[in-house]
Amino acid sequence: MGPSLRQWRRSTLAAAVAGLALAGCTVDDGAASAPGAAALTAVPALHDQLPQAVKDAGVLRFAGDSHPPYRTVGPDGKTVTGIDHDFQQALGQLLGVRTETAIVSGLPAALQGMLSGRYDAFNGPVKATAEREKQFDTVTWMTTRTSYVVPADSAAGIKQAADLCGKRVAVVAASVVEDQLAKLSAFCEREHRPAVQVVGLDDTNATLLAAKSGRAEAAGMTQAAAIDVTTQQKGQYEYVTQTEEQGATKDNLALYTPKSLKLGPVLQKAFEELFRNGTYTRIMHQWGLDEVTVPQPLFDVASAK
């Protein structure tokens, strides 16, 4: 008979701690519970399906840029809080491993870092696309629309998304928002108005700074991020949301992991368990994201179309 579940969890955690001592890394402890939630029980069947490299390390390595409310990076440049932190902890608990987040400067760095083997996964928010699914498995866990945050004292006259025609809009380079902004520009041109001027930057904080400093008239981001900004910095910002007439779509936002690692299928099963046991609904509600939930996680959804 094999070791008991308690022995298995103890040995897994010990291996993870030993690995950390050698690597000198600061990580989130996958055995710790998310705020206000009970710790989840590890599922040995899921742990067994992890790639051997992940099992040996006892750690699931996530890449993450600064992107509130998904990821808010603390003053020390290492501590991460937010939606992703909560989901990553829950995934780590189910899989019986710890989780850590390495801060990177934007989506390209996260994608290249995964392909080079530095990171195991990136929780987005990233649109699932058929082109990227040639190299990555995706697990879609939410949808969103694109919004544009404007300083409350702006004199640019932006009361709706159409008012952005001809204006400078800061966005995270290579993000889903940049793609949506291109559709808004196409709408502007159909209306015989000047296209939006794109200011591509590394992360959401940089886009907000650009809008605040006058380098851009607005900062583009997901609707969830716009809600967080205007709530946390009440009275300082307002936002407008792109309409379907202006090319907006509800995009599938997904976790990414390299196909070569063969981690995708077990992460899909772990997300299915988070949906089944109510953790998914709890976390999304806690962050005010009930409107952008999905009924079930979707695996490689873009390639299935």
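## The chain as a whole

Keep in mind that this is a predicted model. The chain has 305 residues, and 52% of them are buried. In secondary structure, you get 10 helices and 13 strands.

Helix α6 covers residues 176-190. Its 15 residues should span 21 Å at 1.5 Å a residue, and the end C-alpha atoms sit 22 Å apart, so the two figures agree.

Which residues of α6 are buried? They are V176, V177, Q180, L181, L184, S185, F187 and C188. What they pack against is a set of strands: β5 (121-127), β7 (146-151), β8 (168-172), β9 (197-201), β10 (218-222) and β12 (251-258). Just past the end of α6, look at H192, which takes a positive phi of about 60 degrees.

## The disulfide

A disulfide, after all, is a covalent bond between the sulfur atoms of two cysteines. The model contains one disulfide, and C165 and C188 form it, with their sulfur atoms 2.0 Å apart. The pair links distant parts of the chain: C165 lies in the loop between β7 and β8, while C188 belongs to helix α6, 23 residues apart.

Are these cysteines buried or exposed? Both C165 and C188 are buried. If you care about handedness, the angle about the S-S bond is -85 degrees, and the link of C165 and C188 is left-handed.

## Where α4 crosses α9

Now for two other helices. The axes of α4 (residues 83-95) and α9 (residues 264-276) come within 10 Å and cross at roughly 105 degrees. Angles of 65 to 115 degrees count as roughly perpendicular, and α4 and α9 are therefore roughly perpendicular to each other.

Which side chains should you click on to see this meeting point? On the α4 side, pick F87, A90, L91, L94 and L95. Their counterparts in α9 are V266, L267, A270, F271, E273 and L274.

Methods: Residues numbered from 1 in each chain as written. Predicted model: local features only at pLDDT ≥ 70, side-chain atom pairs only at ≥ 80, totals over all residues. Heavy atoms only, no water. Helix = DSSP H or I, 4+ residues; strand = E, 2+ residues; numbered from the N terminus. Buried < 20%, exposed > 50% of the residue type's maximum accessible area, 1.4 Å probe, protein only. Expected span 1.5 Å × (residues − 1). Contact = heavy atoms within 4.5 Å. Disulfide = S-S within 2.5 Å. Axes fitted to C-alpha atoms, helices over the stretch in contact; angles between N-to-C directions. Parallel < 35°, antiparallel > 145°, perpendicular 65-115°, else oblique.
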